[in-house]
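Please read these notes with the model open beside you. They are arranged as numbered points.

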Amino acid sequence: MGNMRVDETRVHNIVDIIYSDSDKLQFVRELVQNSIEGNASRIKISYEKQGFEMYGVKRFLIQDNGKGMSVEELGEFLNKFSSSGKEVGVDKNYGIGAKTSTIPWNKLGVVFVSWTSEDDPGALVWLHEQRSGIYGACEFLDEEENVVEVLPLDQYYEEVGYEYGVDFRFLREDWNHASGSAVLLLGNNKLEDTFNPQLLKKQVSKNEYMRYLTRRYKNIAVPIQISRFAYSQSRDHQATGEVKSLSTLNKKHIESSGVLIRDDQVSIEWFLLKFNRTLREFHFGSGFIALENKNELFQHRSHPQTWRAFGIHQKGIWQRLYIVIKDDALTQNAARTALKNGDTHEAPDFAAFGEYFRNNLPEYLLNEQRKLIAEKTNNLEIDEYRKRLASEYGDRFNDVLGPGGAKKRTAAKKTRAKQGELEGVTGQNKTPPGHDNRKRKTGFPIWRWDGDHEEGSVGYWVPPSRQFPDGCIFLNPAYSVFTEIKQRFASKIGEEYQELGAGVINNTIGCDFVTKIAHALLHKKIARWGVRGVNEQLLSDGSLTMISLGLFGIEAAIEAALRRELKGGFLG
């Protein structure tokens with residue numbers, strides 16, 4: 001048995017170390033990158049048909065129509081970390097990535113088949129684990145009975161792959177007959193399904209290869225076709241889709257885009273995709289922030305905290321926004337899974353990137369966020385309304401949240417459902433037949449910043465009615481307390497965020513008012529107050545005025561809301 005080697009150095013330890021440092025789907029990138037470097041104009045990822053027809057097993061197969069490798073070049077590929085004519089290095093290592101990312105989890109073997117226009121029909125190399133932790137090449141007998149590790153395909157004999165149900169000569173097809181390569185992953189046992197991405201990554205999409213490559217490459221110039229994985233083992237299903245990338249999308253898919261360039265030439269490019277089928281059709285997944293190096297994307301970030309550091313506070317924006325940072329001072333690590341500073345070896349400074357983007361936030365993104373906040377402020381649905389109040393004011397008000405919020409009501413509904421009182425209805429939130437759920441009270445009134453107000457009036461209270469089932473508070477935006485609150489915070493809000501900040505303040509004030517009114521409504525059940533007492537004393541215009549004077553005590557709540565919604569726009 002031959003040993004895979006770098007000159008005279010044993011490499012099995014290096015293989016295991018690099019594999020352990022790599023992403024579980026890194027092998028897809030390595031095999032695709034090999035095809036790209038081989039000048040392929042078409043790449044196909046699928047499962048191998050012969051093994052499926054004989055054993056019903058789906059083995060990962062990648063094919064291309066690149067320039068291929070001759071018998072001599074396959075020998076170089078086998079025995080060195082660099083193919084013939086290429087410099088050795090972590091970013092110039094044609095072949096090593098393919099070997100280190102595939103062999104440790106394909107102990108039966110990884111078969112490389114390649115051919116050129118001058119070397120027809122080509123040859124194959126079969127790398128596998130010879131014994132625990134030791135990797136090498138399968139040995140064959142050529143026509144002259146010599147032991148070889150690179151087997152020319154014109155000396156191929158059927159017994160080579162018969163046990164696995166594969167004739168490796170048929171990995172060469174009509175579309176790549178002139179020149180090309182193919183790589184087949186045999187797994188750890190004869191019936192292992194190496195095409196299933198869940199073999200390496202649990203709880204992932206069945207189209208994870210598509211998503212991985214879409215998020216790995218910023219621009220894909222070579223058509224890459226990927227078969228859609230089918231869980232059924234009873235039929236052959238190889239419907240294919242083509243990998244897309246951010247740079248290949250057009251105006252049909254992109255709502256807006258742009259680029260910011262710092263003084264040190266670091267560029268921050270952004271793409272805001274439209275809310276249509278683009279995200280699902282092209283498998284981008286939710287928006288992300290990533291670093292770019294040599295057309296590849298690294299260290300994706302999608303946590304809300306990171307988005308806020310970049311000045312993006314609205315989920316409706318960050319779900320479809322993609323930010324790509326290109327810094328030439330960053331280089332790839334040995335496993336090609338992350339970037340680091342080439343001089344200091346420190347991790348990239350996402351905080352600095354975020355601060356620059358936040359301070360120079362594109363006008364389009366700023367306006368889109370303003371729209372979303374305005375919609376939230378003026379058009380809250382009842383359920384969302386309750387959730388927002390609960391998040392703003394905590395568990396203190398759970399007893400007035402009405403159906404769906406009060407613990408006692410929820411427990412009672414569960415009990416009734418178990419006893420079968422609501423015939424034909426299952427689940428605690430189901431509506432009984434003939435019952436209009438819209439008429440059910442929530443315990444929280446709504447508020448409006450309008451109405452016919454007398455001068456100096458804070459507003460007025462409209463009791464529950466057909467139009468307003470929980471009542472409504474009409475607030476006067478010109479009332480002195482409200483204007484003074486806004487003036488207090490005006491100097492702490494960035495100039496371009498003034499309108500947005502005023503909306504946040506109005507929203508917080510409204511939440512405070514309806515919460516206190518909800519408490520007043522709750523007191524109708526208390527004997528010493530009663531319905532009349534509450535209506536006359538706690539729901540009067542004079543009571544609203546007293547509530548407004550208490551707004552000076554919720555400055556901390558307003559400040560917290562401004563910090564959360566405006567982030568970099570709040571200077572306090």
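1. Basis of the model. This is a predicted model, in which local features need pLDDT of at least 70 and side-chain atom pairs count only at pLDDT 80 or more, while totals for chains, interfaces and linings use all residues. Residues are numbered from 1 along each chain as its sequence is written, and side-chain values use heavy atoms, with hydrogens and water left out.

2. The chain as a whole. The protein chain has 19 helices and 24 strands; helices (H or I, at least four residues) and strands (E, at least two) are DSSP runs, numbered from the N terminus. Of its 572 residues, 51% count as buried. Buried means under 20% relative accessible area, exposed means over 50%, and partly exposed lies in between, with a 1.4 Å probe and protein chains only. Among contacts in the chain with a separation of 6 or more, 68% are between residues 24 or more positions apart. Contact means heavy atoms within 4.5 Å.

3. Nonpolar cores. A nonpolar core is a set of buried Ala, Val, Leu, Ile, Met, Phe, Trp, Tyr and Cys residues joined through side-chain atoms within 4.5 Å. The largest one has 60 residues, and I323, I325 and F357 touch the most other members. Helix α16 supplies the largest share of this core, eleven residues. A second, separate core holds 43 residues, including L25, I45, M69 and Y135. As for I325, its contacts beyond four places in sequence include V266, I268, L291, F310, F350 and F353.

4. Helix α15 against α16. Two packed helices are described by the angle between their axes and the distance between the axes. Here the axes of α15 and α16 (residues 498-522) come within 11 Å and cross at roughly 135°. Axes are lines fitted to C-alpha atoms, for helices over the stretch in contact, and angles run from 0 to 180 degrees between N-to-C directions. The two helices are therefore oblique to each other: angles under 35 degrees count as roughly parallel, over 145 as roughly antiparallel, 65 to 115 as roughly perpendicular and the rest as oblique. F482, I485, K486, F489 and A490 in α15 meet Q498, I505, N506, I509 and F513 in α16. By class, this contact has seven nonpolar, two polar and one charged residues. Ala, Val, Leu, Ile, Met, Phe, Trp, Tyr, Cys and Pro count as nonpolar, Asp, Glu, Lys and Arg as charged, and the others, Gly among them, as polar.

5. Helix α15 against α19. How do the axes of α15 and α19 cross? They come within 12 Å, at roughly 50°, with α19 covering residues 555-566. That makes α15 oblique to α19. On the α15 side the contact has I485, R488 and F489, which meet E555, I558, E559 and L562 of α19. These residues divide into four nonpolar, no polar and three charged.

6. N476 is in the loop between β24 (472-475) and α15 (480-490). N476 is buried, because its relative accessible area is 10%. Leaving aside neighbours within four places in sequence, N476 is in contact with W449, H453, E454, S457, V458, G459 and F482.

7. Two further loop residues. Is K107 buried or partly exposed? K107, in the loop between α5 (96-102) and β6 (110-115), is partly exposed, since its relative accessible area is 33%. Not counting residues up to four places away in sequence, K107 touches H128, E129, G187 and N188. S70 lies in the loop between β5 (60-64) and α4 (71-79) and is buried at 15% relative accessible area. With the same exclusion of neighbours within four places, S70 is in contact with T116 and D119.

8. Backbone points to check. Most residues other than glycine have a negative phi, and most peptide bonds are trans. N39 has a positive phi of about 65° although it is not a glycine, and H345 has a positive phi near 60°. N39 counts as exposed at 57% relative accessibility, and H345 is exposed with a relative accessible area of 53%. The peptide bond from D120 to P121 is cis, with omega near 15°; P121 lies in the loop between β6 and β7 (123-131).
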